[in-house]
Amino acid sequence: MAQTINTAVTRTDARRKVTGAATYAADVMPAGMLHGALHCSAIAVGRVVSLDTRRAAAEPGVVAIYTHETLPDYQSVKGFYSGGPGSASFWPMEGTEIRYSGQPLAYVVAETAAAARRASDLIEVEYAEEPAIIHMDPEESFVIGATDDSPGMVTTKGDLQAGLDAAAKTVAMEFVTPFQHHNPMEMFSATAEWRGDRLTVWMPSQSVRTLRGGIAKAYGLPETSVRVISPFVGGAFGSKAGITPYAMLTIAAAKAVGAPVRLLVTRPQMYTVATFRPEAVQKFRLGADAEGRLTAFEHIEISQTSRFDNVVNPGTHITRAMYACPNIHTEQRLSPSDTNTGGFMRAPNEMQTFFGLESAMDVLAHDLGIDPVEMRRVNDTKTHPVEGVPFSSRSLMESYDAVSESFGWADRNTEIGSMTDGDWLVGYGCATATYPTNILASNARVRMQASGNAYVELAAHDVGTGTYTIMAQIAAARLGLPVKAVDVVMGEADLPVAPISGGSTTAASAGSAVHDACLRIGRQVAATVAAQSEGPLAGLDPASITLDDGVLRGPNGESQSLQEALAATPEGEVEMVGEFRHPALTDKLIRATFAGGYGTAGPVTPEFAMFAFGAEMVEVRIHRFTHEIRVPRLHGAFAAGTWLNRKTAHSQLMGGMIWGIGSALHEVTETDKPRARFLNANIAEYLVPVNADIREIRVEMLEEQDDYVNPLGVKGIGEIGIVGTAAAIANAIHHATGKRLTRLPLKMADLL
Ligand code: MOS
């Protein structure tokens with residue numbers, strides 16, 4: 001690999017970001033732009049009896065107020081869980097029906113954002129309220145059928161009961177994880193401008209092609225008439241993936257008033273007009289022999305869903321891939337409540353399920369008197385326990401060994417409550433982290449000039465993770481250019497197809513298309529110079545010439561830099577479109593991605609199972625009298641194939657681990673269950689870690705080679721960092737106190 005890969009490269013957009021020059025979607029102000037505001041439902045279930053907008057309309061600056069009766073040409077799209085691009089399948093303001101608290105009921109357009117919000121507060125709604133509830137009812141939960149592309153919702157291997165009967169020790173436990181809501185720094189927004197039947201939408205997005213395709217179809221427009229622009233995204237993590245009602249309302253309002261309209265969703269409204277992490281219950285029954293080898297593995301996950309969508313972000317197909325076991329049963333169940341439809345939130349089910357799995361493994365290890373790390377070692381496997389295929393690479397125990405050394409695991413006194421420091425009880429805990437390697441088709445266009453510049457263009461996204469930088473690094477490495485000579489353009493639907501930035505896929509899938517475009521540039525230039533009468537490569541068989549990090553090489557040591565060879569071509573410039581088509585991608589999956597959908601292959605293919613692995617270790621301190629929980633040290637070691645950028649990768653892993661501390665100790669959307677409301681619906685009352693909560697975080701990045709996942713050998717790291725943290729902290733709390741906490745967030749009150 002060339003020097004620009006696997007090094008620490010500072011973000012190419014760092015200066016633009018810190019100086020405010022990076023333009024986010026809501027920074028644009030088309031001429032004549034008006035401002036939108038939503039009026040949202042105060043009840044959860046029922047209907048609108050009447051909507052009085054007279055006082056609101058009299059407010060100075062108000063241009064229009066739209067309701068279910070008055071908004072012309074408002075279109076909806078099919079929900080994601082019904083196979084469409086929408087965030088949910090129920091569309092508010094199509095009628096009087098109310099199905100969740102905070103559902104949009106009216107849309108105000110005004111000359112200023114302040115006037116629009118003031119007016120929205122003056123709208124008076126008469127409701128017919130019906131009973132509503134948020135509950136998690138395991139008895140009434142149900143399993144939905146698996147679709148062709150989804151992992152099995154019920155999976156059985158061997159004989160679970162026989163495995164439990166044969167066990168030296170068993171555990172049967174339930175773990176609860178709460179609703180969590182997205183609070184990205186960049187708020188949700190949509191800005192729409194119509195010019196005749198041409199529409200431009202600026203919106204922070206994880207999938208500009210999903211947006212463009214869905215919007216074009218909804219309005220019966222050719223995709224060439226719709227532009228979707230999202231050059232920078234200030235945090236997404238799953239919240240900016242689908243087409244939301246507030247976006248379609250803004251598009252409709254802009255059309256109706258005949259002027260561009262921008263809607264900035266308020267912080268409280270962000271809790272109800274978009275997706276979230278649903279509440280979930282994990283039921284585990286595990287059995288192991290006296291040496292710790294699993295004899296039985298049962299995992300039943302019950303996730304909350306809305307009344308109108310069967311949201312399944314399966315977690316059981318990940319947990320059952322972790323450890324060798326002859327007898328396995330998993331089930332994916334749903335329990336509906338009166339909320340909007342949930343969705344993806346960083347490691348959309350690995351976070352919840354691994355809190356359960358890795359806590360239960362710790363219980364079993366403790367009951368058997370086995371070191372928790374050794375418990376994972378005896379159950380490690382190079383073959384997928386259910387599917388029977390080998391892992392393409394699996395560095396779980398290498399991760400444990402690396403983090404054990406960095407953390408000092410050997411210093412742990414195994415006895416509960418034995419480690420103290422003054423009034424603080426000290427505990428050590430560990431947990432496994434993993435994330436599936438999802439594979440999607442991608443294209444990318446690369447243009448190189450003999451002057452030594454290159455341009456990379458693709459409809460991928462930088463959701464704040466450094467995608468601009470790694471795409472430039474990949475092209476720079478292949479073409480033999482400095483990173484700063486590569487200009488990357490992304491975040492527009494008109495660019496070559498790239499997949500949704502979700503499921504930790506962009507670096508691997510879109511990056512592999514950039515890599516391929518560069519190799520094609522090499523072949524194209526080689527063919528031209530090989531056909532010339534003079535030059536170092538003249539007369540060679542072009543097929544014998546390879547591009548080796550910016551140098552074209554012939555079979556007998558002939559060589560010429562790509563840049564020099566390009567200068568010898570008549571054009572002095574070459575442009576190629578590269579492709580990434582993994583053998584596991586069926587035509588159907590490729591077509592789905594090109595249609596703006598989520599055409600993902602993996603993590604299990606007919607040949608291999610593809611996962612990144614890691615291990616986390618944590619030291620907690622519990623105050624003997626106040627029971628205050630502190631996390632002075634959190635170490636993680638991860639192996640995820642090739643590291644493209646050691647600086648941005650480190651930041652993503654560290655960020656995931658910090659979010660893991662938040663998930664473990666702070667983050668929860670409190671609910672008023674009998675009235676189906678989210679209570680602390682404001683970033684001011686929704687706790688996230690602050691600097692004082694985060695002490696030593698250490699990240700070890702292991703070297704791992706995987707030639708199967710993609711030509712770059714990249715597995716994706718956006719989500720793995722959060723996965724093991726909560727269980728590691730809960731396990732450490734048990735070590736310090738002997739108390740086993742099974743509900744997130746872990747609270748002082750539970751230690752009283
Ligand atoms: Mo991520 S939760 O896959 O957008």
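In these legends, contact means heavy atoms within 4.5 Å. The model is predicted, so that local features need pLDDT of at least 70 and side-chain atom pairs count only at pLDDT 80 or more, while totals for chains, interfaces and linings use all residues. Residues are numbered from 1 along each chain as its sequence is written, and side-chain values use heavy atoms, with hydrogens and water left out.

**View 1. The surroundings of Phe232.** Phe232 touches residues including Asp13, Arg16, Lys17, Thr23, Tyr24, Glu186, Asp462 and Tyr468, where residues up to four places away in sequence are not counted. Phe232 counts as buried because its relative accessibility is 5%, buried being under 20% relative accessible area with a 1.4 Å probe and protein chains only. Although Phe232 and Thr23 are 209 residues apart in sequence, their C-alpha atoms lie 6.6 Å apart in space.

**View 2. The contact of helix 8 with helix 17.** In helix 8, Phe354, Phe355, Glu358, Ser359, Asp362 and His366 meet Ala726, Ala727, Ala730, Asn731 and His734 of helix 17. Sorted by class, this contact of helix 8 with helix 17 has 5 nonpolar, 4 polar and 2 charged residues, where Ala, Val, Leu, Ile, Met, Phe, Trp, Tyr, Cys and Pro count as nonpolar, Asp, Glu, Lys and Arg as charged, and the others, Gly among them, as polar. Helices are DSSP runs (H or I, at least four residues), numbered from the N terminus.

**View 3. The lining of the second largest pocket.** By class, the lining of the second largest pocket has 15 nonpolar, 12 polar and 5 charged residues. Helix 15 (residues 646-665) gives the largest share of this lining, 6 residues.

How values were computed:
Helices (H or I, at least four residues) and strands (E, at least two) are DSSP runs, numbered from the N terminus. Buried means under 20% relative accessible area, exposed over 50%, partly exposed in between (1.4 Å probe, protein chains only).
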